[in-house]
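Before this model goes into any further calculation, here are some notes from reading through it. They are set out as separate points, so that each can be checked against the coordinates on its own.

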Amino acid sequence: MLLSFAGGAQAQQAGDGGYSMQEIVDAGHGFFGSTSGGLAKVVERAFQSYGLPNGYILGQEGSGAFVAGLTYGEGSLNTKNAGQHNVYWQGPSLGIDAGGQGSRIMMLVYNLPSVPSLFKRFGGVSGSAYVVAGVGMTVLTDEHIVLVPIRTGVGARLGVNVGYLKLTQQPTWNPF
């Protein structure tokens, strides 16, 4: 499992509409099913670093790379105060990276002031080192919002890259 962190965020208080660690772990186990053995440890690490998320996205994505790569995904944003919203993401990457993967993904969302503020680019550094299956966590940020994608998937992927994910309200093939 590879953990990368792009800056720290202030821990949020429990009274601000955030999700507890148990709520996130329960949602993850329901979504990931039997492949989620390491999920609780990864979620615990995210909570230690960033506090309580005020939203999370459950979805799926596919990605591939040979030096340059592309990622495409879709899912549903869940918030306590704004309900559920469809989300799509796509993005390029560049680095020492080769392989492909299909993943189920849970993105923890921190400091989200409103749903429309989610639809932009989030940059970060990512890495993968697994064959057949694995669980991993990365951190993507913009000015204030922090996304922590937690992936479990199948494929063969090895490398480190820098890139971004562009989140949109409608699906698109354009990662830029």
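The points below go from the overall picture and its confidence to the helices, the cores and a few individual residues.

1. The model is a predicted one, and the protein averages a pLDDT of 84, with 85% of the residues scoring at least 70. Among the parts of the protein, confidence is highest in β1, at 95, and lowest in strand β3 (residues 121-137), where the mean is 78. The stretch to treat with care is residues 1-15, over which pLDDT stays under 50, although the model has 39 contacts beyond four places in sequence for these residues.

2. Overall layout. The protein has 2 helices and 5 strands, and from the N terminus on the elements run α-α-β-β-β-β-β. Of its 176 residues, 49% count as buried, while the accessible surface comes to about 8300 Å², with 58% of that belonging to carbon and sulfur atoms.

3. Helix α1. This helix covers residues 21-32, and its 12 residues reach 16 Å from the first C-alpha to the last, close to the 16 Å expected at 1.5 Å a residue. Its buried residues are Ile24, Val25, Ala27, Gly28, Phe31 and Phe32. Seen down the axis of α1, these buried residues fall within an arc of 165 degrees, so they line one face of the helix. The partners against which the buried residues of α1 pack are α2 (39-50), β1 (55-79), β2 (83-110) and β5 (146-168). Just after the helix, Gly33 takes a positive phi of about 70 degrees.

4. Helix α2. Here too there are 12 residues, reaching 16 Å from first C-alpha to last, close to the 16 Å expected at 1.5 Å a residue. The buried residues of α2 are Leu39, Val42, Val43, Ala46, Phe47 and Tyr50. They cover an arc of only 140 degrees around the axis, which puts them on the same side of α2, whereas Lys41 and Gln48, on the other side of α2, are exposed. Just after α2, Gly51 takes a positive phi of about 85 degrees.

5. The nonpolar cores. The largest nonpolar core has 23 residues, of which Ile24, Leu108, Tyr110, Val148 and Ile150 touch the most other members. At least two residues of this core come from each of α1, α2, β1, β2 and β5, and the largest share, 6 residues, comes from α2. A second, separate core of 16 residues includes Ile57, Leu77, Leu112 and Leu167. To return to Val148, its contacts, not counting residues up to four places away in sequence, are Ala46, Tyr50, Met106, Met107, Leu108, Tyr110, Met137, Thr138 and Val139.

6. Leu112. Leaving aside neighbours within four places in sequence, Leu112 is in contact with Asn54, Leu77, Thr79, Ser117, Leu118 and Ile145. For one of these pairs, Leu112 and Thr79, the separation is 33 residues in sequence and 9.5 Å in space, C-alpha to C-alpha.

7. Backbone angles to inspect. Most residues other than glycine have a negative phi, and two residues here deserve a look for that reason. Val67, whose place is in strand β1, has a positive phi of about 70 degrees although it is not a glycine; at 44% relative accessibility, Val67 counts as partly exposed. Asn111, in the loop between β2 and β3, has a phi near 65 degrees, again a positive value in a residue other than glycine. With a relative accessible area of 27%, Asn111 is partly exposed.

Terms used: Residues are numbered from 1 along each chain as its sequence is written. This is a predicted model: local features need pLDDT of at least 70, side-chain atom pairs count only at pLDDT 80 or more; totals for chains, interfaces and linings use all residues. Side-chain values use heavy atoms; hydrogens and water are left out. Helices (H or I, at least four residues) and strands (E, at least two) are DSSP runs, numbered from the N terminus. The expected span of a helix is 1.5 Å times one less than its number of residues. Buried means under 20% relative accessible area, exposed over 50%, partly exposed in between (1.4 Å probe, protein chains only). The arc is that of the directions from the helix axis to the C-beta atoms. Contact means heavy atoms within 4.5 Å. pLDDT is the predictor's confidence in each residue, from 0 to 100. A nonpolar core is a set of buried Ala, Val, Leu, Ile, Met, Phe, Trp, Tyr and Cys residues joined through side-chain atoms within 4.5 Å. Accessible areas come from the Shrake-Rupley method with a 1.4 Å probe; for residues, only the protein chains shown count as cover.
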